[in-house]
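Let's take a walk through this structure together. Keep the sequence and the 3D view open as you read.

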Amino acid sequence: QTMQASLFGAISLTQQVLPILRRQGSGAVVNMSSVMGRKAIARFGSYGLVMHAMSGFSDALRQELAGTKINVSVIYPALTATTLLEEVDEADMPPAFRYLTPRTVDEVSRAVVTAVRRGKRRVVIPRIVTLLLVVEAISSRVADLFLKGLARYRWFGWAVEIGRAHV
């Protein structure tokens, strides 16, 4: 169900909008993924799969549109205060995320506007989470240990609150 709505829905919509963007000679495609679209987390494999697929689709599309004035951006929020989140029991959340203060929909919306205005390829929210993604790019083993440490010592919530001042 998530695959159908989140991934195939985005692909279908993009296929319908691209001819219009090509005719007008410019535009922006913005896809919403998740931090889990760059770093998979235990017990959230199916969600991570869909978000990784969204990242892959967006990266491929960006390359296909190279040389045009159509930009492709992907937004990677760590946790957003939506109605979906209200339905999740804290015990079911990834341990490192339990101490995170969810970003508001307005904060995520501002990130989308910033991505479009500046032609940014990727926007990670909050920015401090970029550290996790850099560690993951270097070593998935170290990133897994990093996540365990964030959860165990609640560093994530503390670090994110420091990063919140920079959003």
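A salt bridge here is a side-chain nitrogen of Lys or Arg within 4 Å of a carboxyl oxygen of Asp or Glu. Keep in mind, too, that you're looking at a predicted model.

With that in hand, go to Lys-39. Its salt bridge with Asp-144 has the closest N and O atoms 2.3 Å apart. The two ends come from distant parts of the chain: Lys-39 sits in the loop between strand 1 and helix 2, while Asp-144 belongs to helix 6 (residues 140-153), 105 residues apart. Asp-144 counts as partly exposed, because its relative accessibility is 39%.

Lys-39 has another partner, Glu-136, and their side chains meet in a salt bridge of 3.1 Å, N to O. Glu-136 is in helix 5 and Lys-39 is in the loop between strand 1 and helix 2, so this pair ties together parts that are 97 residues apart in sequence.

How many salt bridges does a search of the whole structure find? The count is five. Next up is the one between Arg-38 and Asp-59, where the closest N and O atoms are 3.7 Å apart. Arg-38 is partly exposed, at 29% relative accessibility.

Stay with Asp-59 for a moment. You'll find it in helix 2, which covers residues 45-64. Is Asp-59 buried or exposed? It's buried, because its relative accessible area is 15%, and the cut-off for buried is under 20%. Set aside the neighbours within four places in sequence, and Asp-59 is in contact with Arg-38 and Arg-122. With Arg-122 there is also a polar contact of 2.9 Å between the side chains.

Tyr-76 stands opposite Val-124 in strand 3.

Strand 2 covers residues 70-77, and Ile-70 is part of it. Ile-70 counts as buried, because its relative accessibility is 6%. Which residues does Ile-70 touch, not counting those up to four places away in sequence? They are Leu-18, Leu-21, Arg-22, Ser-26, Gly-27, Val-29 and Leu-65. Ile-70 and Ala-28 are 42 residues apart in sequence, yet their C-alpha atoms are 5.4 Å apart in space.

One last stop is a peptide bond. Most peptide bonds are trans. The one from Ile-125 to Pro-126 is cis, with omega near -10°. To find Pro-126, look in the loop between strand 3 (122-125) and helix 5 (130-138).

Note on methods. Residues numbered from 1 in each chain as written. Predicted model: local features only at pLDDT ≥ 70, side-chain atom pairs only at ≥ 80, totals over all residues. Heavy atoms only, no water. Helix = DSSP H or I, 4+ residues; strand = E, 2+ residues; numbered from the N terminus. Buried < 20%, exposed > 50% of the residue type's maximum accessible area, 1.4 Å probe, protein only. Polar contact = N/O pair within 3.5 Å; in protein donor to acceptor, adjacent residues only side chain to side chain. Contact = heavy atoms within 4.5 Å. Pairing = 2+ DSSP bridges.
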